[in-house]
Amino acid sequence: MSLSLEARQRAMLQEMGVTVWAPPPARPLPPVAAPAQADAEAAIASAAAPTPVLHAQPTRAAPSAPRQPAHAAAPAAPASEPRTAGAAPTGLLLRAPVALYPQVDAQAVPPELGAGWLVVLESPTPAEPLAGDSGRLLDNMLRAMRLHRHPRTFVATLNRHAPGLTAEGLEPAAGLQQALQTLRPSLVLVLGLGAARVVLGSREPLGRLRATAHHLPDGTPAVVSYDPAYLLRAPDAKAAAWADLCQALALVRRSTAP
């Protein structure tokens, strides 16, 4: 849309504070010089001319390799590079159980908490299971169960190790058997799928393992739940984890009932 305004109209709009934007008048294009026009016509003519076909000189085909008979053996494949030792972990070690709250007075332990607890989990800080965010969450879970009032609340962490690296601990089966014989816990609380597969020797998914209580070969009951590291990534699962902890408390309470 173009506006054709007189000088008086523009002055009135300026007094009102209205700015009128109008395109500048078109300037005539300069005439094309004769040499430039001649060059343009020559370029158009050369573009319209047919392109000459270049005939390539015939090349002599390279001699093909002699065909081998069908029964000839195929050349051996090159040997693969050797795998670097220690590139991937080969398994898990179970560290010796440690008491989390040894300073608590044993005389003040609520009787419904049983004779002792053993918590088995795969910790990112095996030497300090209560360190870091996952360790603080583990501490909160145990305090919610009042296990911070029990001096015999032990934790045994699973530690991934690689060949050639020194790691403290025993093979999980031997370490667990030794811990059960030494501690005689009222219940084993298994946190995480990796720990559940080690303790129970089962390949079932975690959902099925959580659905029921288990009994180890020596008769010790065990309850499976989520590990703290997973709960940090999926806080919506904390309600289900609390239900698992309540189930563990109920099992110990029934076993200690007169």
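Select helix H5, residues 193-200: Ala 195, Ala 196 and Val 199 are buried here, where buried means under 20% relative accessible area, exposed over 50% and partly exposed in between (1.4 Å probe, protein chains only). Helices (H or I, at least four residues) and strands (E, at least two) are DSSP runs, numbered from the N terminus. Looking down the axis of H5, the buried residues fall within an arc of 100°, so they line one face of the helix; the arc is taken over the directions from the helix axis to the C-beta atoms. In general, an α-helix has 3.6 residues a turn, so residues three or four places apart point the same way. Step on to Gly 201, which follows H5 and has a positive phi, near 65°.

This is a predicted model, in which local features need pLDDT of at least 70 and side-chain atom pairs count only at pLDDT 80 or more, while totals for chains, interfaces and linings use all residues. Residues are numbered from 1 along each chain as its sequence is written, and side-chain values use heavy atoms, with hydrogens and water left out.

Now show the whole chain. The protein chain has 8 helices and 7 strands, and 32% of its 258 residues count as buried. Colour by pLDDT, the predictor's confidence in each residue, from 0 to 100. The mean for the protein chain is 76, and 62% of its residues reach 70 or more. Select residues 47-59: pLDDT stays under 50, and the model has 0 contacts beyond four places in sequence for them, a contact being heavy atoms within 4.5 Å. Residues 69-90 also have pLDDT below 50, and this stretch has 9 contacts beyond near neighbours in sequence.

Which residues have the most contacts inside the largest nonpolar core? They are Trp 117 and Leu 118, in a core of 48 residues. A nonpolar core is a set of buried Ala, Val, Leu, Ile, Met, Phe, Trp, Tyr and Cys residues joined through side-chain atoms within 4.5 Å. Helix H8, residues 238-256, gives the largest share of this core, 6 residues. Select Trp 117 and show what surrounds it: not counting residues up to four places away in sequence, Trp 117 touches residues including Met 145, Phe 154, Leu 187, Ala 248 and Val 252.

Lys 238 lies in helix H8 and counts as partly exposed, at 39% relative accessibility. Its C-alpha is 8.4 Å from that of Tyr 226, 12 residues away in sequence.

Move to helix H3, residues 132-144, which holds Asp 133. The side chain of Asp 133 makes a polar contact with that of Arg 136 (2.3 Å). A polar contact is a pair of N or O atoms within 3.5 Å; within protein, one must be able to donate a hydrogen and the other to accept it, and residues adjacent in sequence count only if both atoms are side-chain atoms. Ser 134, also in H3, counts as buried at 12% relative accessibility. Beyond its neighbours within four places in sequence, Ser 134 is in contact with Pro 124, Pro 228, Ala 229 and Leu 232.

Last, two loops. Most residues other than glycine have a negative phi. Arg 146, between H3 and strand E4 (153-161), has a positive phi near 70° and is partly exposed, at 32%. Arg 184, between helix H4 (172-183) and strand E5 (187-191), has a positive phi near 50° and is exposed, at 58% relative accessibility.
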